[in-house]
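The following report works through the contacts, sheet, core and interface of the structure shown here.

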Amino acid sequence: MSLLQVKAVSHSYNSHTFLKWKEPSKKVLTDISLSIDEGTCLGLLGTSGAGKSTLGKVILGLERPQQGQVLFQGHDIYTADKLTRQKIRRDLQVVFQDSYSAVNPRMTAESIIGEPLENYEKLTVAEQKRTVIELLERVGLSEKDLKKYPHQFSGGQLQRINIARAISLKPLLIVLDESVSSLDMVNQTLILELLSELKKDFGLSYLFITHDIKAAYSISDTLGVLEKGELIEHYNSKDQFFSSEHPVVKQMRSSILAGHPRFRSLPMRINKS
Amino acid sequence: MRTERSNVLKVSDLHVQVQTKEGASTLVQDINFELEKGKVLGLVGESGSGKTVTSMSILQLLDRKTTTIEGSITLQGRELNGLDDKEIRGIRGKDIAFIMQNPMNSFTPVFTIGNQFVETIRSHTSLNKKQAKELAIEAMQNVNLPNPAKLLKSYPFQLSGGMLQRVMIAMAACLQPSVIIADEPTTALDVHNQLQVLRHLDKIRSEYGTSILLISHDLGVISEMADDVVVMQHGRIVETANVFELFDNPQHEYTKKLLNARLSIKHEEPITHML
């Protein structure tokens, strides 16, 4: 059985304008069905405004969909009893794009990573500290960073702290919502490597939401393409993305920059050698 | 042929220090580059390498109480370093426009796009409100924004990131500045919008002869746009080269490392469609 199943989820947002409540609602997700198997990574591609993040929120249990179900290990995350929901919250973690706004600026790295442990595990102070240090080391930071505040870290380091927090409870699924998009290339590669390692070591599953085709390709096992709230393509193998004839996918493919000045796609910049 | 006059922006021996509790700390040092008219200079390096500090010091946006900027920054022969607030304010937005990475944070959420657009235009020109609005609408049409009149009435949070970034480009372009500093202009955008934004930037460059200082960590963007590239590491320039030379024959170890860090796709599209 799949770890996570999304069944026919539809969702829309109501837009409220001042003194005008009855605006037509905006459909953001239409009849989405997908599944993620244990230990695999589903890459979810889409342009901005396609509904990627909304789907992420629905899966995390943060946005109750108007129609459809989200099943985690067979339990509907919105209707399960309190204890099951608590368990699901532990097994389902998230890392957002903006690492800085995902942490409390007045908390140290130690308390940021320790917070979920405090909520879920009954550890002594010394044990918790040791666990936090282990987690820090696991993501490539060190004991020295324990007492630092978020503003003392770079974006890449802070994203590592977010990842450490996400893995602290040994979850089963992590939703990575544009987690590497705001990092520079070197850090992006390093974080993607770290994520792949963690996936292998802990048997983690990921939902990797991104607009970056190259990043999605490098980490995912399966790929989905979201366009205007609809899951237009769902590939069991990521390579199918490159043979797809869907017009949206073709346009996405043709927008990938070649990465070499000789193969430019902007007409006016060509032949300038 | 390079002549002295074709240099729109010239940065020489730039040295920026910040005062901390532990003493002075150097952010960037020995920065030298020239930006020619109608050319694109790429500035690459990983985060923390001093790219943004360099661009901020060109516009004198750093806090003068804590940072000291040494060296010379000349815009068409005029020294910018050390100008007082009033003088530099006349240059920001008019002669040197700035496009920031995060369009969501670059507008104030409490005023409409139109309000902020018109304010920028009116503070640099003698146009009245109506004329400024017309100019704004025209500039927005130039970057393919649909229904500009309606967009002017909306608030920044009602627009998507890609649209806001295009608004910012329209704002930067409407006063036809001689230099645009684009600090990671496409990092927050998806591939399709990224190409659109680059296309618009390039259009502005070819139409108005604007020089662009393109700051990015994305070598894809740099390879697409830049004529020359400056590579920065730890606050210093490690390599300056023509874009073709840099990609074909990188000299410095760090440049090689950056080039190797590029993510690649096994199934490269046949490149014929790009030629």
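## Surroundings of Phe208 in chain A

In this predicted model, A:Phe208 touches A:Cys41, A:Leu42, A:Gly43 and A:Leu44, and also A:Leu176, A:Ala216, A:Ile219 and A:Ser220, when residues up to four places away in sequence are left out of the count. Four of the positions named here, A:Cys41, A:Leu42, A:Gly43 and A:Leu44, fall in strand E3 of chain A, which covers residues 41-46.

## The sheet that contains E3

Strand E3 of chain A runs parallel to strand E9 (residues 222-227) of chain A, and five bridges join the two. Within this pairing, A:Gly43 stands opposite A:Leu223 of E9(A).

Both strands belong to an open sheet of six strands in chain A, with mixed pairing and the order E6-E7-E8-E3-E9-E10. Its edges are formed by strand E6 (92-95) and strand E10 (230-235) of chain A, each of which pairs on one side only. From one strand to the next, the twist averages 20 degrees.

## The nonpolar core

The largest nonpolar core has 152 residues, and A:Phe208 is among those with the most contacts inside it, together with A:Leu207, B:Ala136, B:Ala170, B:Leu213 and B:Leu214. The largest share of this core comes from H7(B), which supplies ten residues.

## The contact between the chains

Where chain A and chain B meet, the contact takes 38 residues from chain B and 38 residues from chain A. On the side of chain B that touches chain A, the elements giving two or more residues are helix H7 (161-174), helix H8 (191-208), helix H9 (219-225) and helix H10 (243-248) of chain B. Of these, H8(B) gives the most, with eight residues.

Sorted by class, this side of chain B has 16 nonpolar, 14 polar and eight charged residues.

## Overall form of chain A

Chain A has eight helices and ten strands. Its radius of gyration is 20 Å, close to the 19 Å that the globule rule gives for 273 residues, so chain A is as compact as a globular protein of that length. Along its principal axes, the C-alpha trace of chain A spans about 60 × 55 × 45 Å.

Buried residues account for 43% of the 273 residues in chain A. Among the contacts in chain A between residues at least 6 apart in sequence, 67% join residues at least 24 apart.

Notes: Residues numbered from 1 in each chain as written. Chains lettered and ligands numbered in written order. Predicted model: local features only at pLDDT ≥ 70, side-chain atom pairs only at ≥ 80, totals over all residues. Contact = placed C-beta atoms within 7 Å. Helix = DSSP H or I, 4+ residues; strand = E, 2+ residues; numbered from the N terminus. Nonpolar A, V, L, I, M, F, W, Y, C, P; charged D, E, K, R; others polar. Pairing = 2+ DSSP bridges. Axes fitted to C-alpha atoms, helices over the stretch in contact; angles between N-to-C directions. Core = buried A, V, L, I, M, F, W, Y, C linked by C-beta atoms within 7 Å. Buried ≥ 20, exposed ≤ 12 C-beta atoms within 10 Å, placed from the backbone. Rg over C-alpha atoms; globule rule 2.2 N^0.38 Å.
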